[in-house]
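Welcome, and please bring the model up in your viewer. We will take it one selection at a time.

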Amino acid sequence: MGTTDDGTAGTVPGAAPGQRRRARTRRAATAGALLAAAVTLSLAAGCSSGRGPDDGQGHTAGQSPSPTASRGHTGPVLAVKIDNVVPARPQTGLNAADIVYAEQVEGGLSRLMAVYATRLPPAVGPVRSARESDLELLRQFDHPVLAFSGAQSKLLPVIDAAPVKAESADSEPGAYFRGGGKPAPHNLFLRPARLLGSPPGAEALTTGFRYGPAPSGGRAETSRTVRYPAARFTFTWSAQRHGWQVAMDGTPTVTTDGGRVTPATVVVQHVKVRRSSLHDFLGNYTPYTETVGSGKAEVLRDGRVYDVTWKRPRAVDGTSLTAADGTPVNLARGQVWVVLTGDE
């Protein structure tokens, strides 16, 4: 047995079958009390080396995955919870994601959730634990596969009851490995092909986002910074790479192969971040990021920023982005970063 990054007990890759069965038994013992709450919430919300494991990357922003490359929906997307504190960087496999969500976690820090539909890299990580609001965010997809290292003990039965295929390092130890030259717990990596035989295609990205020509209007902007209590993201426009170069906490964001992370579009989505009923072993309550509802957002593309309204009526719906006159706002083809911020 080991501990998750939430300070709760959980098995790690290589644990004996008996240990895993006992862990599942303990989850089932508390599932009854939390199952109803989970359903209510759902309805209401509507290889080691110094350089890290081989992620098979090396592409530029112009080679980022694009939903226009779809050849049909053949299965679920893969969503991976990725560590984002300084000891976890540089990460692996980020450039292959179609969408990267940034969310606030305990202590005002940040964590990422990378969604893969058009391409699977050889490795992704470091993988860390899930949060309660991840389940609401993932409802927009059709039974997605969620890869994570573990979760708080009270959250595990809620995850089991959610319409996701939860594949943790406990349930699928063969899909995970320790490496990357990083200290634990920042050294757990996923082999995506072990969970998803092949990418499902762009039609599985039921986010509600539209891709195409830039809208009219907007204003020129070369840099945008989004701050969390103990983290910050800066996106700087690069005309040469035709994308927004990412920096986190003041340091340029690169992958383990040295490639700079440069999404084509950034969506700064202003949401309500409230306190969850769950907390870590230090007593820090988990922030709950509400992604169902409506509010203001900014779309950064082509060196310009567009003020929009986001709307997601139910958890099973995607998110629409519209201009002041109600017309849909297109995103640029390529990788999209969505930064969920409670800073109104």
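Start by selecting Asp 134 and Arg 131: the Asp 134 side chain reaches the backbone nitrogen of Arg 131 at 2.7 Å. Keep in mind as you look that this is a predicted model.

Asp 134 sits in helix H2, which spans residues 132-138. Is Asp 134 buried or exposed? With a relative accessible area of 0%, Asp 134 counts as buried, because the cut-off for that class is under 20%.

Next, select residues 223-228, which are strand S11, and residues 251-252, which are strand S14. These two are the edge strands of a sheet, each pairing on one side only. The sheet is open and has four strands in the order S11-S12-S13-S14, with antiparallel pairing. Zoom in on S11 and strand S12, residues 231-238: the two run antiparallel and are joined by six bridges. Within this pair, find Tyr 228, which stands opposite Ala 231 in S12.

For the last stop, colour the protein by pLDDT. The mean is 83, and 77% of the residues reach 70 or more. Then select residues 1-51, where pLDDT stays under 50 and the model has 85 contacts beyond four places in sequence. Move on to residues 54-72, where the pLDDT is also below 50. How many contacts does the stretch 54-72 have in the model beyond near neighbours in sequence? There are 54 of them.

How values were computed: Residues are numbered from 1 along each chain as its sequence is written. This is a predicted model: local features need pLDDT of at least 70, side-chain atom pairs count only at pLDDT 80 or more; totals for chains, interfaces and linings use all residues. Side-chain values use heavy atoms; hydrogens and water are left out. pLDDT is the predictor's confidence in each residue, from 0 to 100. Contact means heavy atoms within 4.5 Å. Buried means under 20% relative accessible area, exposed over 50%, partly exposed in between (1.4 Å probe, protein chains only). A polar contact is a pair of N or O atoms within 3.5 Å; within protein, one must be able to donate a hydrogen and the other to accept it, and residues adjacent in sequence count only if both atoms are side-chain atoms. Two strands pair if DSSP finds at least two bridges between them.
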